[in-house]
Amino acid sequence: MEIKVDVHTVHPISPEKKNDRSSKGPHESWGTPDTTPIRNVIKRTPSKPELFNELRSNIKDLEQNRRSLFPTQQLRLFNNSPKKVAIQECITELEEIQSPQTECDKSLCEVPNRALQVIETPQSPVPSSPSREKKCKGLRLPALLDPFVPIDPQGRAYISWLLLVTFCYSYNAWCVALRATFPYQTLENTPIWMMVDYLCDAVYMLDLVLVKPRLMFLNEGFWVDDPVETRKNYRKKLQYKFDVISLLPLDILYIYYGPQKVILRLPRVLKLQTFWEFHQAMDRVLSSPYIVRIGKTLFYIFYLIHLNACAYYAMSDYIGLASNGWVYDNKGNAYIRCFYFATKTATSIGKNPKPENTMEFLYMTAAWLMGVFVFALLIGQIRDIIATATRARSEYRKTVDGCTRYLRRLNMPLPLQRRVTCWFTYTWNQQRCFDEPSILNSLPYNMKRDVALEVHINILSKVQLFRDCSSSLLRDLVLQLRPVSCLPGDVLVRRGDVGHHMYIVKCGECYVMSPGENEVLATLRAGSVFGEISLLGIDGLRRRTATVRSRGYSSLFALSRSDLDAALKYHKEAAQILRIRADQIIRENAARLADKRLEQRMEAKRNEEGRRRSLASGGGSGGGKGRSGRARRRLSAVSETKVGTHGGYRATRADRGRCVTMSEHQQTRAARGLGDDV
Ligand SMILES: Nc1ncnc2c1ncn2[C@@H]1O[C@@H]2COP(=O)(O)O[C@H]2[C@H]1O
């Protein structure tokens, strides 16, 4: 029989959830894929005890169901109904199964239920494993050494372990050849060499037995952490075979050949896959993986030279040290001299000692061929890696150079050229690229959106519009926002122009200018929105109502008219908010204008009064004094009103009905994120 077993059956559940299980399918019982995204459902034939336990839990669930469906009173009502009889029969049958009668059944019950073991994994945040029980008793094991805990192949612990194995591998790879050819292993230091050897072997063994078999893996898009499955998965791999062969205990033959026969440890070099795995993992986790890639290529280059040096020494020793002009002359440090010789032969043709016999000719030919093909390839690889690492910067340089050359060719004014260069520098420093959206293009839509949200969430959360509307508005718009950088004094929108974009201030400050551009109406800071009025299609307001300038360097997000229209079609509340805000700004601007006009009129009146007064004083009339006294009284009354409103928003008779006082007005602006009045 085949049943579906959730390999995450290992998740502990709360009592309420346990009750819920009865009403759900086998997979739903652990939550929908939304709440527990990493889930495995694999088919495997359960063992007898597992089956029995499964049945027991089903019975419990059924019983609970029965109790909730038919409370005692209801059961009394249906006392003799055929339904009740059927249910009771069913329950008796299940109870019979539930209580193990035979010895065999009893023994089955005692078998620990492996399927229900709770295993600590990244997907089961509340684990309780046998190892956890041990921990409670004070036996604390690191997760990597706990045989009941599966290992996350992308976790720090595993990568650190890979580093240790790689270290042991490198030791074996370098030292086996070195000790087998050069006379560096002596009788005195043999115990030290052997101690390090067997420490490395212990690491290899732990890796084979304890670590790799617990490595979680992806199966049909789900992480599998079932110990049986992870073990099976490892054993299926070629890596497992290599790992086993690399541990062949050929050094038993030391008994016959003596511990000087280090070449018997050659199989240890076969654990190459772990070395690659480590580099792949580092490549994934490091912020600048180029260093790892260059390091790996350099390792190959030096290792090949090292092998050449060992071969040279072995041949020299075989032919006889200092026996001819080609072989090593047994002077100086043997390894350094041979390494130097190997580097020279691999990287240059000619000017090398002349080979004198077939063996030497063969060596030289092989060394040169390796230099031409292998080294050229590896050095080319390093060049590629460096080129990839600096590609973005070189592209930036190319774009800037191309643009400045173009402007120079067109004889553009120098200040304009300087502005362009300034813009390039600022944008590069801000974004490190010029086409930010295209970088994410290869990602699926949802992922792209999540990345964009994560990147810009700090600033977008400050935008009042997004705070007042449903979060889906932000999700709909986040990918349509285009970054824009501005230099000090740049005009972002000009009064009277047709509006194509609205903007969100990301950083920096922007000034909303008065119609004559001689006064700042408002200062817009991070999170403020502007340029939306002319996009809303309000009659008579299809052009920019004000000029907006960048105060210093600033970064903004631009949203096109079509994208805004598309979003507002589905987010009516946002359209409403924008309209209310637009209405408020228009009223404010109109009030300001009226205020200004009144002030101008008063000024003119004052001048007229002054003129008349001077004329009257020239005529010496007492009536003139009376008139100017009245005028002065009127003016002081007006100025008192101004002082009363604290020099702020002055309510006039004309707009008293529709305007608010300064303090109210400021509060409203602050609440709506309109920026500060200046
Ligand atoms: N008094 C003001 N306070 C804040 N923002 C304003 C003010 N007047 C105009 N704006 C903004 O400046 C923008 C200019 O272009 P729009 O008319 O499209 O939309 C305008 C508003 O978003």
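**View 1. Helix α23 in the lining of the largest cavity.** In this predicted model, α23 gives the largest share of the lining of the largest cavity, namely 5 residues. The helix α23 spans 572-619. Two strands, β9 (520-524) and β10 (529-530), each supply at least two residues of the lining as well.

**View 2. Centre and make-up of the largest cavity.** The lining of the largest cavity consists of 23 residues. Those nearest the centre of the cavity are Val-512, Ile-533, Thr-545, Ala-546 and Ile-585. By class, the lining holds 12 nonpolar, 4 polar and 7 charged residues. The space in the largest cavity is about 290 Å³. The count for the model is 5 cavities of 30 Å³ or more, and the largest cavity is the space taken by the ligand.

View 3. Glu-532 places a polar side-chain atom 2.7 Å from an oxygen atom of the ligand. For Thr-545, a polar side-chain atom likewise lies 2.7 Å from a ligand oxygen atom. Arg-544 has a polar side-chain atom 2.9 Å from an oxygen atom of the ligand. On its own the ligand has 460 Å² of accessible area, and the protein covers 100% of that area.

How values were computed. Residues numbered from 1 in each chain as written. Predicted model: local features only at pLDDT ≥ 70, side-chain atom pairs only at ≥ 80, totals over all residues. Heavy atoms only, no water. Polar contact = N/O pair within 3.5 Å; in protein donor to acceptor, adjacent residues only side chain to side chain. Areas by Shrake-Rupley, 256 points an atom, 1.4 Å probe, with all protein chains shown as cover. 1 Å grid on protein atoms, 1.4 Å probe; cavity = no way out; pocket = protein on both sides within 12 Å on 5 of 7 lines; lining within 4 Å. Sits in = over half its atoms within 2 Å of the grid points. Points joined across faces, edges and corners; volume = space filled by probe spheres on them. Helix = DSSP H or I, 4+ residues; strand = E, 2+ residues; numbered from the N terminus. Nonpolar A, V, L, I, M, F, W, Y, C, P; charged D, E, K, R; others polar.
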